[in-house]
Amino acid sequence: MNSEPYDLIGVGIGPFNLSLAALADPVPGLRALFLDAKPEFSWHPGMLLPGTQLQVPFLADLVTLADPTSRWSFLNYLREHDRLFPFYFSERFHAPRREYDHYCRWVSRELAGCRFGAEVGAVRRSGDFFEVTYREAERNHTVLARNVVLGVGTEPVLPAALAALDSDRVVHSASYLGRRDSIAGLSDVTVVGAGQSGAEVFLDLLRDAPEHGRRVRWITQTPFAPMEYSKLGLEHFTPAYTDYFRRLPAPVRDALVPEQWQLYKAISAETIAEIFDVLYEQGIGGEWPEAVLLPGVTVNAAADTGGQLDLTCRHVEQGREFGVRTAAVVAATGYAARQPDFLTPISGGVAWDQQGRYQIDENYRVSFVDDWPAGLYVQNAELHTHGVGAPDLGLGAHRAAMILNAIAGKAAYRLPARTSFTTFGAPAPQPDSEAPRVAVPAR
């Protein structure tokens, strides 16, 4: 065992822990190590479709909103790859998704503290430290850490009706690109799910549907609604709103998140417009396209009838059931946070809430049932405590800086005191001397 403890070990190297690694890199005296079982960095590889772009501006890179001078910024990546002028003339505010993935790969290869092919097996207590065991290059290693930051990401989720099928004709959108060729030749494909991923898969299947003689169907529970992208609406993705949300009672938070689906589960207006334009183009000449769009519909049951899938659906507003027969289903049904098995040795000491979720403080630190000094932090596992900004790339650098400041016990990064024009919640009481004067009408 390495006797000198690390100040920080990050488990999982997705964009959020990669942001943490990039911001930790220049902090003097901070010993950090980041581990991931994957052989290299990858970000939603199943959805890196040509022509798709990020839904956040390029400034929402790994570091800029915490440190615009960092060498790990997206703009410096463009400079290092001689793409500054092409990017400048492209007038893009939203980078291509494939380029964001390449940018993150570049950072992960350049940072010495990132190790891939290193699978964490267990995290245990050892005195005042974490004892982290991982396997790399067919050897087991054990190291100590004062703090562990979980960046293990989320897992694809299938609704119960589709999960029960256990059929290779049901594909989660997370695996779509790898299955795209086998799906392309089918005569009838159904996409389930109304978010951006569902829209992009539907659009991808729709574009060449006529040449393949393919019917494409899109079933969604919600309307085909655009993502909230007004300037004041976007202030829900500021640290100010996160702090307001965190202070709400837990029942209020749990009720509020589903109501805010247009903030983080809807479709970009550009994608909706492109889908309509393709449908319109395919309808020229009087033939309506072989596309079926079914909003406000749930899939309640499914059966594999040998080469075909029979879906039992229900139109929510009409309360009517109907059947759909299709050759394959692409389920764009989202992701969920997971509690990794390697935490089992310490899970008994974690302070879980009534629904079995982490209790998390303002600095993203998980609470323990005792006052153990080591710090366990989470990234993108705090939707229930910090709100819709948890999975948003735009808040990643700010959250990483907050975690680093908490670990360092000082302001390694200066964070803004105010981040929104909107006042979330009731204004603070004013002192009497500042109370607004009320005019008394003359009699």
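**Exercise 1. Aromatic pairs**

Task: State how many aromatic pairs this predicted model holds, then classify the pairs Phe 85–Tyr 88 and Tyr 88–Phe 89.

Solution. 
- Start with the total. The predicted structure contains 23 aromatic pairs.
- Take Phe 85 and Tyr 88. Their ring centres are 6.4 Å apart, and their planes make 80 degrees. Centres within 6.5 Å make a pair, and planes over 60 degrees apart count as edge-to-face. The Phe 85–Tyr 88 pair is therefore edge-to-face.
- An α-helix has 3.6 residues a turn, so residues three or four places apart point the same way.
- Now take Tyr 88 and Phe 89. Here the centres are 4.8 Å apart and the planes meet at 45 degrees, so this pair is tilted.
- Check accessibility. Phe 85 is exposed. Tyr 88 has 55% relative accessibility and counts as exposed. Phe 89, at 59%, also counts as exposed.

**Exercise 2. A ring cluster and two charges over rings**

Task: List the residues that ring pairs link into a cluster, and find the rings that lie under Arg 31 and Arg 125.

Solution. 
- Collect the linked rings. The cluster consists of Trp 43, Phe 58, Trp 72, Phe 74, Tyr 77, Phe 87, Phe 93, Tyr 100, Tyr 103 and Trp 106.
- Turn to Arg 31. Its charged end sits over the ring of Tyr 6, 4.2 Å from the ring centre.
- Turn to Arg 125. It lies over the face of Trp 372, and the distance to the ring centre is 4.2 Å.

**Exercise 3. The packing of H9 and H10**

Task: Decide how helix H9 and helix H10 are oriented, and describe their contact.

Solution. 
- Define the elements. H9 spans residues 239-246, and H10 spans residues 250-259.
- Read the geometry. The two axes come within 10 Å and cross at roughly 135 degrees.
- Apply the cut-offs. Over 145 degrees would be roughly antiparallel, and 65 to 115 roughly perpendicular.
- Identify the contact. H9 contributes Tyr 241, Phe 245 and Arg 246. H10 contributes Arg 253, Leu 256 and Val 257.
- Sort by class. The H9–H10 contact has four nonpolar and two charged residues, with no polar ones.

**Exercise 4. Helix H1: covered or open?**

Task: Find how many residues of helix H1 are buried, and name elements that cover them.

Solution. 
- Count. H1 (residues 15-24) is mostly covered, with ten of its ten residues buried.
- List some of them. The buried residues include Pro 15, Phe 16, Asn 17 and Ser 19.
- Look at the surroundings. Among the covering strands are S2 (8-11), S3 (32-36), S4 (114-116) and S8 (147-150). The covering helices include H4 (97-110) and H15 (396-408).

**Exercise 5. Positive phi**

Task: Locate Glu 138 and Asp 166, and give the phi of Glu 138 and of Asp 166.

Solution. 
- Recall the background. Most residues other than glycine have a negative phi.
- Take Glu 138. Its phi is positive, about 60 degrees, although it is not a glycine. The residue lies in the loop between strand S6 (129-136) and strand S7 (139-145). Its relative accessible area is 71%, so Glu 138 is exposed.
- Take Asp 166. Its phi is near 50 degrees, again positive in a residue other than glycine. The loop here runs between helix H5 (160-163) and strand S10 (170-172). With a relative accessible area of 74%, Asp 166 is exposed.

How values were computed: Residues numbered from 1 in each chain as written. Predicted model: local features only at pLDDT ≥ 70, side-chain atom pairs only at ≥ 80, totals over all residues. Heavy atoms only, no water. Axes fitted to C-alpha atoms, helices over the stretch in contact; angles between N-to-C directions. Helix = DSSP H or I, 4+ residues; strand = E, 2+ residues; numbered from the N terminus. Parallel < 35°, antiparallel > 145°, perpendicular 65-115°, else oblique. Contact = heavy atoms within 4.5 Å. Nonpolar A, V, L, I, M, F, W, Y, C, P; charged D, E, K, R; others polar. Phe/Tyr/Trp six-rings, centres within 6.5 Å; stacked < 30°, edge-to-face > 60°. Buried < 20%, exposed > 50% of the residue type's maximum accessible area, 1.4 Å probe, protein only. Lys NZ or Arg CZ within 6 Å of the ring centre and 35° of its normal.
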